[in-house]
Amino acid sequence: MPTVHAAPSPQPVYPAASSRPTAADSVAPSGPRRAGRSGAWWVERGLAAWTAGVLAFLYLPILVLIAYSFNSSRLNVVWEGFTLRWYGELFSHAPLIRAFKNSLIVAGASTVLAVLLGTIGAWLLHRNRYRFARAIQTLICVPMVMPEIVIGISLLVLFTLVHLELGHLTMILAHTTFCFPFVLVAVQARLQGLDPALEEAALDLGATPARAFWLVILPCLRPAVVAGGLMAFTLSMDELIISIFTAGPDSRTLPMQVFGMARVGLNPMLNALSAIFVVTTIAFVLFTEHLRRLATRAA
Amino acid sequence: MQGLPGTLPPNPHARPAGAWGWWLLAPMLAWLALFVVAPMAILLVYSFGSRGALGVVELGFSLENYERIADPIYLRIFGRSIGYAALTTLLCVVIGFPAAWFIARRSPEWRGRLLLLVMVPFWTSFLIRTYAWIAILRSEGLLNAVLKSSGVVPHVLPAPLDLLYTPTAVVIGLVYVYLPFVILPVYASAEKLDGTLLEAAQDLGAGPLRVFREVIVPLTWPGIAAGMMLVFVPAIGMFAVTDLMGGARVSMIGNVIHNQFTRALNFPFGAALGVVFTLLFVLSYALLLWLGRRRDETAKAR
């Protein structure tokens, strides 16, 4: 049973800034504890500098890329002047636009399927005691922890064996397979805090189990369902390795197109695209953080 | 780590699943059987087959593909991939741990802000983040421009650095892509660590090194182990970063597998490579679990 959790989920797995007070702040104060510069003070300063360095390392390349996306020089070294030309070219570059549409189709359909499978699965596994529940849970984790390349090639051999032509359908099947466990886990985390009396009350008042789920349980799970769905969408939009093995010639996705272009070398259009990616990611992170706050306030 | 899928406490209010419960769960179980279990089984069967004419797979039972993996060429590629992945993992832990620790020891507001700063690169497309390094590392890139204008190049270094498409570039790319994957789980562990334990250790006379070795590392081990798993295994198979940063010069196991399925069209050999890779993944996972358990036991023995 994996104890490692591969879910890059900002919501249930890494509780950002919980408000639980720790005594840590008294151990490692940000300022000097006593007069003079003790060892702890230097360690603290060192750690702060190190963290600043790590953040600079993480951000400088991205920021450089964004700056270059406005550079009129094609060669990216010297600043020659401000331009929006690359953004214009980007939006009229037919293969990129087509790839983006493919990505949206695949990610949209996979997200819908993943949300359905994940939410219903999480609720059933929570509400009912199944034989082999542990085995089922382990199986659900396999697509999350399995190396992408193994998922990719194993699905490719399946699709070729049953003569399913590679295209949008095979990609949607593949993407749903690795996305739905993330939704399921996000919803399961939320179910942990759910009052069991809610469903009982609904059933006592005459609702059928299906009605109780739809009218009572689902509204309570909404933040987790939305967060899980967003995660599934993002993972699908970003997926390259599994896509390479399961895509047909007409279903190339945006990451595949970008990979193909980046292999050749620098391309100012890719700088512009990167800038859009980064801005979208920031919006996404802020939005999930907002959802997480809403969820913790409600709980 | 919190919220582990397998370790969630069972719901005490759950009822035994009736026929309806099984019917409703059936679509998900079917999905798992069709798209997780069946493909892996086919992969395993294929790995014992051989490549017929026109790339048709001929089933059978031969160890030919596995024997071929034992060839020094492929062993060297496997070794190189593992070496690069191990180096990447080590660098990520060494670079990421202090930062994760520092963030976890801040006040709640600062923790939230700093964590958001780590979250953005974590969610940004790895492809874009790798691509960013092409602009920096290539011979007429930003790094060499900075080195030249600051006078380092003619005075300290004899010639501009030719880093892109070298093993160094591959490791830089991998570390850059996977660093947030270590910081976040280590943070999650460090944030839960009770600070009074550190005070207690200090009060009992433990020096900083001892506190680090005997209190901090064991208590953040779940996060470190999770981070190592999240980096080591994907890094072995990540052929996209290797392709972009290493060009054709650095071939990794992921590139070889990719070739078998896209160009060489030798599915059985590719399947065998995939099976060995999966075994490697299971082994490294078991090793980490074992390390963690041994750590617990020695801690208890004291």
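Predicted model: local features only at pLDDT ≥ 70, side-chain atom pairs only at ≥ 80, totals over all residues.
**View 1. The salt bridge between A:Glu44 and B:Arg106.** In this pair the closest N and O atoms are 2.4 Å apart. Because A:Glu44 lies in helix H2 (residues 39-68) of chain A, while B:Arg106 lies in the loop between helix H3 (72-104) and helix H4 (108-123) of chain B, the pair joins two chains. Both partners, A:Glu44 and B:Arg106, are buried.

**View 2. The salt bridge between B:Arg15 and A:Glu199.** The side chains of these two residues meet with an N to O distance of 2.8 Å. This pair also crosses between chains, running from strand E1 (residues 15-16) of chain B, where B:Arg15 is found, to helix H8 (residues 197-204) of chain A, which holds A:Glu199. The two partners are classed apart in accessibility, since B:Arg15 has a relative accessibility of 31% and so counts as partly exposed, while A:Glu199, at 5% relative accessibility, counts as buried.

**View 3. The salt bridge between B:Glu214 and B:Arg210 within helix H10 of chain B.** Here the side chains meet at 3.4 Å, N to O. Both residues belong to helix H10 (residues 208-237) of chain B, where B:Glu214 and B:Arg210 stand 4 residues apart, or about one turn of the helix. B:Glu214 is partly exposed, its relative accessible area being 30%, and B:Arg210 is likewise partly exposed, with a relative accessible area of 47%.

**View 4. A network of A:Arg127, A:Glu199 and B:Arg15.** Salt bridges that share partners join these three residues, A:Arg127, A:Glu199 and B:Arg15, into one network. Side chains of opposite charge can pair when their charged atoms come close. Over all chains the count comes to 8 salt bridges, among them the pair of A:Glu44 with B:Arg106 and that of B:Glu214 with B:Arg210.

Key: Residues numbered from 1 in each chain as written. Chains lettered and ligands numbered in written order. Heavy atoms only, no water. Salt bridge = Lys/Arg side-chain N within 4 Å of Asp/Glu carboxyl O. Buried < 20%, exposed > 50% of the residue type's maximum accessible area, 1.4 Å probe, protein only.
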